[in-house]
Amino acid sequence: MLGTVWEPFFGDGSEVILNSSISYLLPIPDAALGAAGYLLDAATGAAGGTDRWRRMPWLVILFGVAVGPLGAASILLVILQPVAYSAFCTLCLASAVISVVMIGPAMDEVLASAQHLRRVRDRGDSVWKAFWGVGA
Amino acid sequence: MRIAQGVGAIGGLWLMGAPALLGYTDRWASDLHRVIGPLIAAVAIIALWEVTIAVRWPNVVLAAVLVVAPIFGGHPAAAAITGVVTGLAIAVATPFGGCVHHPIGGGWRALTPHHAPEGGST
(Lines give C-alpha, C1' and ligand atoms only; values in the text may rest on other atoms or scores of the structure.)
Protein backbone atom coordinates (compact mmCIF):
# COMPACT_ATOMS: atom_id res chain seq x y z
CA MET A 1 0.00 0.00 0.00
CA LEU A 2 2.87 2.38 0.85
CA GLY A 3 6.34 2.31 -0.69
CA THR A 4 8.22 3.59 2.37
CA VAL A 5 7.78 3.51 6.12
CA TRP A 6 8.37 6.36 8.57
CA GLU A 7 11.26 5.50 10.88
CA PRO A 8 12.80 8.39 12.85
CA PHE A 9 14.97 6.49 15.35
CA PHE A 10 16.17 3.06 14.23
CA GLY A 11 17.54 3.48 10.70
CA ASP A 12 16.17 0.72 8.52
CA GLY A 13 14.75 -1.10 11.54
CA SER A 14 11.12 -0.73 10.43
CA GLU A 15 11.88 -2.15 6.99
CA VAL A 16 13.75 -5.07 8.50
CA ILE A 17 10.83 -5.87 10.79
CA LEU A 18 8.11 -5.32 8.22
CA ASN A 19 9.91 -7.56 5.71
CA SER A 20 10.89 -10.21 8.25
CA SER A 21 9.78 -13.81 8.09
CA ILE A 22 7.41 -13.22 11.02
CA SER A 23 5.49 -10.70 8.93
CA TYR A 24 4.76 -13.45 6.43
CA LEU A 25 4.23 -16.25 8.91
CA LEU A 26 0.46 -16.16 8.46
CA PRO A 27 -1.52 -16.20 5.20
CA ILE A 28 -2.23 -12.49 5.68
CA PRO A 29 0.36 -9.83 6.62
CA ASP A 30 0.64 -9.30 10.37
CA ALA A 31 0.06 -5.57 9.85
CA ALA A 32 -3.36 -6.37 8.38
CA LEU A 33 -4.04 -8.68 11.31
CA GLY A 34 -3.07 -5.89 13.71
CA ALA A 35 -5.35 -3.45 11.90
CA ALA A 36 -8.22 -5.93 12.16
CA GLY A 37 -7.48 -6.32 15.87
CA TYR A 38 -7.55 -2.57 16.44
CA LEU A 39 -10.78 -2.32 14.45
CA LEU A 40 -12.32 -4.97 16.71
CA ASP A 41 -11.06 -3.06 19.77
CA ALA A 42 -12.50 0.20 18.47
CA ALA A 43 -15.86 -1.32 17.55
CA THR A 44 -16.31 -3.28 20.80
CA GLY A 45 -14.98 -0.34 22.83
CA ALA A 46 -17.23 2.30 21.32
CA ALA A 47 -20.55 0.50 21.03
CA GLY A 48 -23.21 0.21 23.70
CA GLY A 49 -23.06 3.34 25.86
CA THR A 50 -21.92 3.81 29.45
CA ASP A 51 -24.25 1.24 31.02
CA ARG A 52 -23.35 -1.56 28.67
CA TRP A 53 -21.60 -3.41 31.51
CA ARG A 54 -25.07 -4.54 32.64
CA ARG A 55 -27.06 -4.22 29.41
CA MET A 56 -24.55 -5.99 27.16
CA PRO A 57 -22.05 -7.98 29.21
CA TRP A 58 -21.24 -10.06 26.11
CA LEU A 59 -19.90 -6.95 24.40
CA VAL A 60 -17.81 -5.94 27.39
CA ILE A 61 -16.37 -9.46 27.73
CA LEU A 62 -15.64 -9.51 23.98
CA PHE A 63 -13.88 -6.16 24.38
CA GLY A 64 -11.79 -7.56 27.22
CA VAL A 65 -10.95 -10.68 25.23
CA ALA A 66 -9.98 -8.55 22.22
CA VAL A 67 -7.79 -6.16 24.23
CA GLY A 68 -5.93 -8.84 26.20
CA PRO A 69 -4.56 -10.99 23.36
CA LEU A 70 -3.77 -7.91 21.26
CA GLY A 71 -1.64 -6.61 24.12
CA ALA A 72 0.02 -9.99 24.58
CA ALA A 73 0.77 -10.26 20.86
CA SER A 74 2.24 -6.76 20.89
CA ILE A 75 4.56 -7.59 23.78
CA LEU A 76 5.66 -10.76 21.98
CA LEU A 77 6.46 -8.77 18.85
CA VAL A 78 8.42 -6.18 20.87
CA ILE A 79 10.51 -9.03 22.30
CA LEU A 80 11.04 -10.65 18.90
CA GLN A 81 12.19 -7.46 17.17
CA PRO A 82 15.62 -7.15 18.84
CA VAL A 83 16.09 -10.81 19.75
CA ALA A 84 15.36 -12.34 16.35
CA TYR A 85 16.20 -9.44 14.00
CA SER A 86 18.43 -7.08 16.01
CA ALA A 87 16.16 -4.22 15.00
CA PHE A 88 13.45 -2.00 16.40
CA CYS A 89 10.49 -0.47 14.61
CA THR A 90 9.18 2.83 16.00
CA LEU A 91 5.61 2.41 14.79
CA CYS A 92 5.52 -1.18 16.08
CA LEU A 93 6.69 0.03 19.51
CA ALA A 94 4.09 2.82 19.51
CA SER A 95 1.42 0.31 18.56
CA ALA A 96 2.54 -1.99 21.38
CA VAL A 97 2.40 0.84 23.94
CA ILE A 98 -1.15 1.67 22.86
CA SER A 99 -2.17 -1.99 23.10
CA VAL A 100 -0.73 -2.36 26.60
CA VAL A 101 -2.16 0.96 27.82
CA MET A 102 -5.66 -0.16 26.80
CA ILE A 103 -5.63 -3.24 29.04
CA GLY A 104 -6.02 -1.48 32.41
CA PRO A 105 -8.96 0.77 31.50
CA ALA A 106 -10.72 -2.15 29.77
CA MET A 107 -10.52 -4.35 32.85
CA ASP A 108 -12.62 -2.15 35.15
CA GLU A 109 -15.56 -2.53 32.81
CA VAL A 110 -14.95 -6.28 32.51
CA LEU A 111 -14.91 -6.46 36.31
CA ALA A 112 -18.20 -4.54 36.53
CA SER A 113 -19.84 -6.93 34.05
CA ALA A 114 -18.46 -10.00 35.84
CA GLN A 115 -19.79 -8.70 39.16
CA HIS A 116 -23.16 -7.99 37.55
CA LEU A 117 -23.35 -11.58 36.30
CA ARG A 118 -22.32 -12.80 39.74
CA ARG A 119 -25.17 -10.84 41.34
CA VAL A 120 -27.60 -12.24 38.76
CA ARG A 121 -26.47 -15.75 39.64
CA ASP A 122 -26.75 -15.06 43.39
CA ARG A 123 -30.33 -13.90 42.84
CA GLY A 124 -31.08 -17.18 41.11
CA ASP A 125 -31.78 -15.55 37.74
CA SER A 126 -30.47 -16.77 34.38
CA VAL A 127 -26.83 -15.81 33.87
CA TRP A 128 -27.14 -16.85 30.22
CA LYS A 129 -29.92 -14.32 29.58
CA ALA A 130 -28.12 -11.62 31.56
CA PHE A 131 -24.94 -12.26 29.57
CA TRP A 132 -26.75 -11.59 26.32
CA GLY A 133 -28.67 -8.66 27.81
CA VAL A 134 -32.06 -10.31 27.44
CA GLY A 135 -34.55 -8.55 29.69
CA ALA A 136 -32.00 -5.98 30.93
CA MET B 1 1.90 7.03 44.47
CA ARG B 2 2.61 4.45 41.79
CA ILE B 3 6.34 4.13 42.54
CA ALA B 4 6.48 0.46 41.52
CA GLN B 5 4.85 1.18 38.19
CA GLY B 6 7.15 4.12 37.44
CA VAL B 7 10.31 2.22 38.34
CA GLY B 8 9.07 -0.84 36.42
CA ALA B 9 8.22 1.10 33.26
CA ILE B 10 11.50 3.03 33.24
CA GLY B 11 13.54 -0.03 34.25
CA GLY B 12 11.93 -2.14 31.54
CA LEU B 13 12.59 0.46 28.86
CA TRP B 14 16.16 0.84 30.11
CA LEU B 15 16.73 -2.92 29.82
CA MET B 16 15.46 -2.87 26.23
CA GLY B 17 17.95 -0.18 25.24
CA ALA B 18 20.86 -1.02 27.55
CA PRO B 19 22.55 -3.66 25.34
CA ALA B 20 22.88 -1.15 22.50
CA LEU B 21 23.60 1.87 24.68
CA LEU B 22 26.24 0.14 26.86
CA GLY B 23 27.57 -1.99 24.03
CA TYR B 24 27.35 -5.46 25.54
CA THR B 25 26.85 -7.86 22.70
CA ASP B 26 26.99 -11.14 24.59
CA ARG B 27 24.01 -13.03 23.24
CA TRP B 28 22.77 -14.55 26.49
CA ALA B 29 22.87 -11.32 28.52
CA SER B 30 21.50 -9.01 25.83
CA ASP B 31 18.71 -11.39 24.85
CA LEU B 32 17.76 -11.88 28.49
CA HIS B 33 17.45 -8.13 29.01
CA ARG B 34 15.57 -7.67 25.74
CA VAL B 35 13.08 -10.36 26.73
CA ILE B 36 12.58 -9.37 30.36
CA GLY B 37 12.63 -5.61 29.73
CA PRO B 38 9.39 -5.45 27.69
CA LEU B 39 7.69 -7.87 30.08
CA ILE B 40 8.55 -5.73 33.11
CA ALA B 41 7.52 -2.51 31.34
CA ALA B 42 4.23 -4.02 30.16
CA VAL B 43 3.37 -5.38 33.61
CA ALA B 44 4.15 -2.00 35.17
CA ILE B 45 2.00 -0.10 32.66
CA ILE B 46 -0.94 -2.49 33.06
CA ALA B 47 -0.67 -2.11 36.86
CA LEU B 48 -1.06 1.67 36.65
CA TRP B 49 -4.82 1.36 36.94
CA GLU B 50 -6.46 0.61 40.26
CA VAL B 51 -8.40 -2.36 38.94
CA THR B 52 -5.21 -4.08 37.74
CA ILE B 53 -2.87 -2.84 40.46
CA ALA B 54 -2.12 -6.39 41.70
CA VAL B 55 -0.73 -7.30 38.29
CA ARG B 56 2.56 -5.64 39.32
CA TRP B 57 3.65 -8.53 41.54
CA PRO B 58 5.07 -10.81 38.78
CA ASN B 59 7.73 -8.13 38.35
CA VAL B 60 9.33 -9.39 41.57
CA VAL B 61 9.95 -12.75 39.87
CA LEU B 62 11.25 -11.11 36.69
CA ALA B 63 13.50 -8.84 38.77
CA ALA B 64 14.82 -11.86 40.66
CA VAL B 65 15.77 -13.49 37.35
CA LEU B 66 17.74 -10.37 36.44
CA VAL B 67 19.59 -10.41 39.76
CA VAL B 68 20.36 -14.12 39.70
CA ALA B 69 21.21 -14.54 36.00
CA PRO B 70 24.84 -13.28 36.19
CA ILE B 71 25.63 -16.13 38.57
CA PHE B 72 25.19 -18.56 35.68
CA GLY B 73 27.77 -16.74 33.56
CA GLY B 74 27.67 -15.18 30.12
CA HIS B 75 27.35 -11.68 31.54
CA PRO B 76 30.00 -9.05 30.84
CA ALA B 77 30.47 -6.56 33.68
CA ALA B 78 28.19 -3.91 32.17
CA ALA B 79 25.38 -6.41 31.67
CA ALA B 80 25.76 -7.87 35.15
CA ILE B 81 25.69 -4.45 36.81
CA THR B 82 22.74 -3.35 34.68
CA GLY B 83 20.77 -6.50 35.47
CA VAL B 84 21.49 -6.57 39.19
CA VAL B 85 20.94 -2.84 39.81
CA THR B 86 17.76 -2.67 37.70
CA GLY B 87 16.44 -5.91 39.16
CA LEU B 88 17.04 -4.79 42.74
CA ALA B 89 15.43 -1.41 42.09
CA ILE B 90 12.32 -3.05 40.62
CA ALA B 91 12.10 -5.66 43.37
CA VAL B 92 12.44 -3.06 46.13
CA ALA B 93 9.93 -0.72 44.47
CA THR B 94 7.25 -3.31 43.70
CA PRO B 95 5.53 -3.26 47.13
CA PHE B 96 5.04 0.50 46.73
CA GLY B 97 2.46 0.28 43.99
CA GLY B 98 -0.24 2.35 45.63
CA CYS B 99 -3.43 1.44 47.44
CA VAL B 100 -6.89 0.54 46.22
CA HIS B 101 -9.10 3.05 48.04
CA HIS B 102 -12.49 2.19 46.54
CA PRO B 103 -12.47 -1.20 44.82
CA ILE B 104 -15.27 -1.36 42.26
CA GLY B 105 -18.08 -3.38 43.84
CA GLY B 106 -15.59 -5.19 46.07
CA GLY B 107 -12.97 -5.74 43.39
CA TRP B 108 -11.93 -9.06 41.85
CA ARG B 109 -12.32 -10.72 45.26
CA ALA B 110 -16.06 -10.22 44.95
CA LEU B 111 -16.09 -12.83 42.19
CA THR B 112 -14.74 -15.60 44.42
CA PRO B 113 -17.25 -18.21 45.67
CA HIS B 114 -17.22 -17.19 49.34
CA HIS B 115 -17.33 -13.45 48.81
CA ALA B 116 -20.58 -11.81 47.83
CA PRO B 117 -20.27 -8.64 45.69
CA GLU B 118 -21.16 -5.33 47.29
CA GLY B 119 -24.54 -3.81 46.42
CA GLY B 120 -24.26 -1.90 43.14
CA SER B 121 -27.07 -1.19 40.72
CA THR B 122 -28.24 -4.08 38.59
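Since we're looking at a prediction, let's start with the scores. The model as a whole comes with an ipTM of 0.86 and a pTM of 0.87. For chain B, the average pLDDT is 89, and 93% of its residues reach at least 70.

## What chain B is built from

Reading from the N terminus, you get α-α-α-α.

## Overall shape

How does the radius of gyration of chain B sit against that of a compact globule? Chain B comes out at 17 Å, while a compact globule of 122 residues would be near 14 Å. The C-alpha trace tells you about the dimensions too: it spans about 60 × 25 × 20 Å along the principal axes of chain B.

## Packing inside the chain

Of the 122 residues in chain B, 43% are buried. Then there's the question of how far along the sequence the contacts reach. Take the contacts in chain B between residues at least 6 apart in sequence: 63% of them join residues at least 24 apart.

## Where chain B meets chain A

Both chains put residues into the contact: 21 from chain B and 21 from chain A. What sort of residues does chain B bring to the side that touches chain A? On that side of chain B you'll find 15 nonpolar residues, along with four polar and two charged ones.

Key: Residues are numbered from 1 along each chain as its sequence is written. Chains are lettered from A and ligands numbered from 1 in the order in which they are written. This is a predicted model: local features need pLDDT of at least 70, side-chain atom pairs count only at pLDDT 80 or more; totals for chains, interfaces and linings use all residues. Helices (H or I, at least four residues) and strands (E, at least two) are DSSP runs, numbered from the N terminus. The radius of gyration is taken over C-alpha atoms; the globule rule is 2.2 Å times the number of residues to the power 0.38. A residue is buried if 20 or more other C-beta atoms lie within 10 Å of its own, exposed if 12 or fewer, and partly exposed in between; C-beta atoms are placed from the backbone. Two residues are in contact if their C-beta atoms, placed from the backbone, lie within 7 Å. Ala, Val, Leu, Ile, Met, Phe, Trp, Tyr, Cys and Pro count as nonpolar, Asp, Glu, Lys and Arg as charged, and the others, Gly among them, as polar. pLDDT is the predictor's confidence in each residue, from 0 to 100.
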